[in-house]
Amino acid sequence: MDLGIRGKRALVCASSKGLGRGCAEALAAAGVDLVLNARGAEALAETAAAIRATHGVTVMEVAADITSESGRAEVLAAADGVDILVTNAGGPPPGLWSDWDREDFIRALDANMLTPIALMKAILPGMIGRGWGRVVNITSQSVKAPIAQLGLSNAARTGLTGYVAGTARQVAPHGVTINNLLPGIHATDRADALDGGLAKSQGITIDEARANRAATIPARRYGTAEEFGAMCAFLCSQHAGFIVGQNILLDGGAINTTF
Ligand code: NAP
């Protein structure tokens with residue numbers, strides 16, 4: 001399917017690896033030029049080079065912490081005038097409800113709620129002015145069904161979801177859509193880290209922890225960054241202009257709900 005976005009420009013945050021990279025690859029395959037971001041310059045340069053070589057699109061790299069004000073300023077300077085924004089950042093650490101104090105919540109809110117909001121606030125006016133734009137926020141299945149050990153994620157991402165629900169309806173008249181993608185378990189470094197933590201706490205191997213989690217998913221496997229990226233690219237396509245303010249769950253059926 002031709003996504004109709006060849007020649008557009010996208011900022012994909014936190015995209016040297018994992019789900020962000022999956023989104024970047026799928027947009028590049030549709031002919032979109034990219035601004036990529038991550039903190040580690042080496043992995044970012046490798047990803048950017050691989051995408052240029054495979055897809056022949058222009059790729060700029062900004063090695064910066066997207067959750068810091070100075071990092072965001074660097075990224076936004078490089079991404080001036082983008083048509084597509086994919087927000088993403090690392091997820092908060094796991095723990096128990098009783099572990100976290102105010103500072104832990106402030107860090108999680110900064111990374112997973114206030115950072116995407118700041119990026120939208122900076123980039124939406126240009127999209128509105130040009131009469132076209134696509135925003136996809138990578139959130140989590142935890143906004144639909146809380147994950148016990150990820151209370152910081154449950155809280156911060158639900159706040160972002162409420163903001164998007166209201167804002168998406170205000171920018172839609174200008175040809176700009178905002179939607180959220182809710183990943184269930186995907187095979188990335190983040191999933192490895194969570195499996196490693198589970199293995200340690202339960203006294204099992206990481207392979208056993210992975211198999212146990214895969215068994216809870218009706219699809220009986222983890223999702224892939226490629227599948228995730230394909231949905232992101234579709235939401236950024238010309239075909240998705242009537243999809244506004246939605247939360248799209250990619251979880252292999254893990255959350256057992258009718259809607
Ligand atoms: P990942 O494989 O660990 O990749 C994270 C990417 O983000 C890397 O490129 C990393 O590069 C970059 N990054 C992290 N923090 C950053 C920051 N502060 N500034 C700029 N770049 C940053 O993680 P993932 O699995 O793709 O997860 C992406 C998001 O989806 C996370 O918020 C995660 O919590 C959420 N999620 C993932 C799953 C899953 O199963 N994978 C499920 C639900 C939700 P550097 O480290 O070099 O910065």
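The legends below describe close-up views of a predicted model. Residues are numbered from 1 along each chain as its sequence is written, and side-chain values use heavy atoms, with hydrogens and water left out. Local features need pLDDT of at least 70 and side-chain atom pairs count only at pLDDT 80 or more, while totals for chains, interfaces and linings use all residues.

**View 1. The open sheet has seven strands with parallel pairing.** The strand order is β3-β2-β1-β4-β5-β6-β7. β3 (59-63) and β7 (247-250) each have a single partner strand and stand at the edges, so one side of each lacks a neighbour in the sheet. Neighbouring strands are turned by 15 degrees against each other on average, direction ignored. Helices (H or I, at least four residues) and strands (E, at least two) are DSSP runs, numbered from the N terminus. Two strands pair if DSSP finds at least two bridges between them.

**View 2. Strand β6 (residues 176-183) pairs with β7 in the parallel sense.** Four bridges make up this pairing. Leu-182 stands opposite Leu-249 in β7. Helix α2 (residues 41-55) packs on the sheet and touches β2 (33-38) and β3, its direction making about 175 degrees with that of β3. Helix α8 (residues 225-235) also packs on the sheet, where it touches β4 (84-87), β5 (133-138), β6 and β7. The direction of α8 makes about 165 degrees with that of β6. Contact means heavy atoms within 4.5 Å. Axes are lines fitted to C-alpha atoms, for helices over the stretch in contact, and angles run from 0 to 180 degrees between N-to-C directions.

**View 3. Strands β4 and β5 run parallel and are joined by four bridges.** Leu-85 stands opposite Val-135 in β5, and Thr-87 stands opposite Asn-137 in β5. From β4, Ile-84 and Val-86 point one way and Leu-85 and Thr-87 the other way, and all are buried. Buried means under 20% relative accessible area, exposed over 50%, and partly exposed in between (1.4 Å probe, protein chains only). β5 is mostly covered, with six of its six residues buried. Gly-133, Val-135 and Asn-137 point one way from β5, and Arg-134, Val-136 and Ile-138 point the other way. Three bridges join β4 to β1, and these two strands run parallel. Val-12 has Val-86 in β4 as its bridge partner.

**View 4. Thr-139 lies in the loop between β5 and α5 (151-171).** Thr-139 is buried, with a relative accessible area of 3%. Residues touched by Thr-139 are Arg-157, Leu-160, Asn-180, Leu-181, Leu-182 and Pro-183, not counting residues up to four places away in sequence.

**View 5. Helix α3 (residues 69-78) has the buried residues Gly-71, Arg-72, Val-75 and Ala-78.** Seen down the axis of α3, these residues fall within an arc of 125 degrees, so they line one face of the helix. The arc is that of the directions from the helix axis to the C-beta atoms. Elements covering the buried residues of α3 include β1 (9-12), β2, β3 and α4 (102-130). Glu-69, Ser-70 and Ala-77 are exposed on the other side of α3. Glu-69 counts as exposed at 68% relative accessibility. The C-alpha atoms of Glu-69 and Val-176 are separated by 25 Å, with the two residues 107 apart along the chain.

**View 6. Helix α1 (residues 18-29) packs with α8 at an angle of about 55 degrees.** Their axes are 7 Å apart. The two helices are therefore oblique to each other. Angles under 35 degrees count as roughly parallel, over 145 as roughly antiparallel, 65 to 115 as roughly perpendicular and the rest as oblique. Gly-18, Leu-19, Gly-22, Cys-23, Ala-26 and Leu-27 of α1 meet Ala-225, Phe-228, Gly-229, Ala-230, Cys-232 and Ala-233 of α8.

**View 7. The axes of α1 and α2 come within 10 Å and cross at roughly 25 degrees.** That angle makes α1 roughly parallel to α2. α1 passes α2 in a right-handed crossing. On α1 the contact is made by Arg-21, Ala-24, Glu-25, Ala-28 and Ala-29, and on α2 by Thr-47, Ala-50, Ile-51 and His-55.

Technical notes: Left-handed = near helix turned anticlockwise from the far one by under 90°.
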